[in-house]
Amino acid sequence: MANEPTRTSETARAPISRILVPHDGTEISDRALSKAEEFAESFKSEIIILHIVDDRFVPPSATLAFISDQATLEDAKVRLIKILKKGAELMLKDKMTKIKEKGINVRFLLAVGSPAEEIVSVSKQEKVDLIIMGSRQLKKIEKLRALGSVTRRVSEIADCPVMIVH
């Protein structure tokens, strides 16, 4: 028919072809990753595991350990971020190996910055269809204090659906 839209590669894609899983090394992130594996198996999706090194809150005591007579605070911060990234890379490679053994296409990305903003930025760059992330269940009083949580912020500003795993 003349009025039917032409199928483009975008409309022909699987409903969920890319899943982003922010992972901070916690058990709740592992639960989100397990849920992503279920979706990836069902939809033949790719999983992108993302670890963000939050450079806004480098602990002063950890930073001070890297300062020598000639080193500056900024140099110490850069060195500490490199160490944190290397540790995250080792953790993510281990998780990737286990997922690949199941026949799931998976890769990881590392970023440095504010976690919520980096997660949303990567989700746009990678054109993900779904973000699956963990969030611990908070008691009522903790919920009031946690209004700025990363998961909540991502769910508010992401352009794609966000599944929150408890």
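Mentor: Residues are numbered from 1 along each chain as its sequence is written, and side-chain values use heavy atoms, with hydrogens and water left out. The model is predicted: local features need pLDDT of at least 70, side-chain atom pairs count only at pLDDT 80 or more, and totals for chains, interfaces and linings use all residues.

Trainee: Why is S123 called buried?

Mentor: Buried means under 20% relative accessible area, exposed over 50%, and partly exposed in between (1.4 Å probe, protein chains only). S123 has a relative accessible area of 5%, so S123 is buried. S123 is found in helix α5.

Trainee: How do you know that the buried residues of α5 line one face?

Mentor: They are P115, A116, I119, V120, V122 and S123. Seen down the axis of α5, they fall within an arc of 165°, so they line one face of the helix. The arc is that of the directions from the helix axis to the C-beta atoms. In general, an α-helix has 3.6 residues a turn, so residues three or four places apart point the same way.

Trainee: What do the buried residues of α5 pack against?

Mentor: Their partners are β1 (18–22), β2 (46–53), β3 (105–112), β4 (130–134) and α7 (150–157). Contact means heavy atoms within 4.5 Å. Take S123: leaving aside its neighbours within four places in sequence, S123 touches L20, V128 and I131.

Trainee: What makes K102 and E37 a salt bridge?

Mentor: A salt bridge is a side-chain nitrogen of Lys or Arg within 4 Å of a carboxyl oxygen of Asp or Glu. For K102 and E37, the closest N and O atoms are 2.4 Å apart, and the pair forms a salt bridge. K102 lies in the loop between α4 (73–100) and β3, and E37 in helix α2 (residues 27–43), so the pair ties together parts that are 65 residues apart in sequence. E37 counts as buried, at 10% relative accessibility.

Trainee: Why are K98 and D94 separated by about one helical turn?

Mentor: They are four residues apart in helix α4, so about one turn separates them. K98, at 49% relative accessibility, counts as partly exposed. D94 is partly exposed too, at 40%.

Trainee: How many salt bridges does the structure hold?

Mentor: Twelve. One of them joins R153 and E117, at 3.6 Å, N to O. R153 lies in helix α7 and E117 in helix α5, so the pair ties together parts that are 36 residues apart in sequence. Salt bridges also link R18, E46, R107 and E126 in a network.

Trainee: What makes a set of residues a nonpolar core?

Mentor: The residues are buried Ala, Val, Leu, Ile, Met, Phe, Trp, Tyr and Cys, joined through side-chain atoms within 4.5 Å. The largest such core has 19 residues, and those with the most contacts inside it are I19, V21, I47, I49, I99 and I132. β1, α2, β2, α4, β3 and β4 each supply at least two residues of this core. Helix α2 gives the most, with five residues. Apart from this core lies another, of 15 residues, among them L20, A116, M133 and V154.
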